Amino acid sequence: VIDVSTVKDTKGNDIEKREARLVNETLAFLPESLAISGKLDTFIKKRGIYTARLYTTLLQFKGRFVLPKNYVAEAQDGTITLGKAQFIVGIADARGIKNVPILSIAEEKMSFQAGGTAPGILAGVRADLGVLSDTAGHTLDFNFNLELQGMESLWFVPTGKNSVVNIDSNWPHPSFYGRYLPDLKDPADTAGFPAKWRVSDFSSNINKTYSDCMDTNDKCAAF
C-alpha cells in the first residue's frame, strides 16, 4: 500500500510524500457445494464405577469450490501479490482426529497438516495448495475422509452454498440441537437412526454471516 501525505520542505512549500508499507489480508472462499456422509458408532468405556458413552465415525467429505476470474480487485495504490492458498477444515477439538486425512483436489493428492486457522476457525487442519492465479477462473472439486472419535456430541456447520449431511448411527436415542433439524426416516427397529440435513444459502445466509465474521471477529459466534 502507498500512503500519500503532504509535508513542508525547507522553504515552507507543500510537497507530496509517498511511503510504501506491507499489508497482509486474507481472502476466503466457502464451498459452492458440500456433502458429508458417515456412520457413527457408539460404545461404552468403563473406568471403575464410572461409564462414558463415546463414538467413532468415518466421515466422507465431497464438494466444490468455484473461484471466478479476476477474483482479486485491482490495487488503487501499490501492487497485490498473492500468497499460497490453503484448504482449511475447522475442527473444534483436534484431539479427536484418528487418521492422517488425504485431500484429493483438482486431480492432485496431498496430506493435511496440523494447525489450520482462519477467521471464525480457531483450530483444525490445512493443506497447502500453492498460488492460485486470479487471471483465470478455478473450479476445484475435492474429497477426503476424516476419522473422528469423541463423546456427547457431534456438530456440523453448513458452510456450502448447498450443504447436505447424511449420518447413520447405532445409537437409538439421539437428541438434535442447532438451527436446523434433520429429515428423519423411521427405522425398521430401534437399533439406530438415519438422519439427513439439507441446508442452502437461502436459509443459512452463510456467505453474509462469514463476511461479517471476517470484518469483525466478535461476530464469529454466529458462524
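Okay, one definition before anything else: when I say buried I mean under 20% relative accessible area, exposed means over 50%, and partly exposed is in between, using a 1.4 Å probe and protein chains only. Take aspartate 93: its relative accessible area is 36%, so it goes down as partly exposed.

Now, what are we looking at? This is a predicted model, where local features need pLDDT of at least 70 and side-chain atom pairs count only at pLDDT 80 or more, while totals for chains, interfaces and linings use all residues. Residues are numbered from 1 along each chain as its sequence is written, and side-chain values use heavy atoms, with hydrogens and water left out.

By salt bridge I mean a side-chain nitrogen of Lys or Arg within 4 Å of a carboxyl oxygen of Asp or Glu. Arginine 95 has 72% relative accessibility, so we call that one exposed.

How many salt bridges turn up in a search of the whole structure? Seven. Another of them joins lysine 161 and glutamate 32, with the closest N and O atoms 3.7 Å apart. That pair ties together distant parts of the chain: lysine 161 is in the loop between β10 (138–151) and β11, glutamate 32 is in the loop between β2 (14–20) and β3, and they are 129 residues apart. Lysine 161 is partly exposed because its relative accessibility is 39%, and glutamate 32 is partly exposed at 33%.

Then there's aspartate 141 with arginine 64, a salt bridge at 2.5 Å, N to O. Here too the pair links distant parts of the chain, with aspartate 141 in strand β10 and arginine 64 in strand β4, 77 residues apart. Aspartate 141 comes out at 38% relative accessibility, so partly exposed, and arginine 64 is partly exposed as well, at 35%.

I keep saying strand, so here's the rule: helices (H or I, at least four residues) and strands (E, at least two) are DSSP runs, numbered from the N terminus. Two strands pair if DSSP finds at least two bridges between them.

On to the sheets. Eight strands make an open sheet with mixed pairing, and the order is β7-β6-β10-β4-β3-β11-β13-β12. At its edges you'll find β7 (108–111) and β12 (183–184), each pairing on one side only.

Let's zoom in on β11, residues 162–169. Which way does β11 run against β3, residues 33–47: parallel or antiparallel? Parallel, over eight bridges.

Next, threonine 57, which sits in strand β4 (residues 50–67). Is threonine 57 buried or exposed? Buried, because its relative accessibility is 3%. A polar atom of its side chain lies 3.1 Å from the backbone oxygen of lysine 39. Contact, for us, means heavy atoms within 4.5 Å. Setting aside neighbours within four places in sequence, threonine 57 has contacts that include Lys39, Leu40, Leu146 and Leu154.

There's also an open sheet of three strands, β5-β9-β8, with antiparallel pairing. β5 (85–90) and β8 (113–114) are at the edges with a single partner strand each, so one side of each has no neighbour in the sheet. β8 and β9 (residues 124–130) are joined by two bridges, and glutamine 113 has arginine 126 in β9 as its bridge partner.

Last stop, the helices. In α2 (residues 206–215), the buried residues include Ile206, Thr209, Tyr210 and Cys213. Looking down the axis of α2, its buried residues fall within an arc of 90°, so they line one face of the helix; that arc is taken from the directions from the helix axis to the C-beta atoms. Part of what covers them is α1 (201–204). Serine 204 lies in α1, and it counts as buried because its relative accessibility is 7%. Leaving out residues up to four places away in sequence, serine 204 touches Tyr180, Val199 and Thr209.

Methods:
A polar contact is a pair of N or O atoms within 3.5 Å; within protein, one must be able to donate a hydrogen and the other to accept it, and residues adjacent in sequence count only if both atoms are side-chain atoms.
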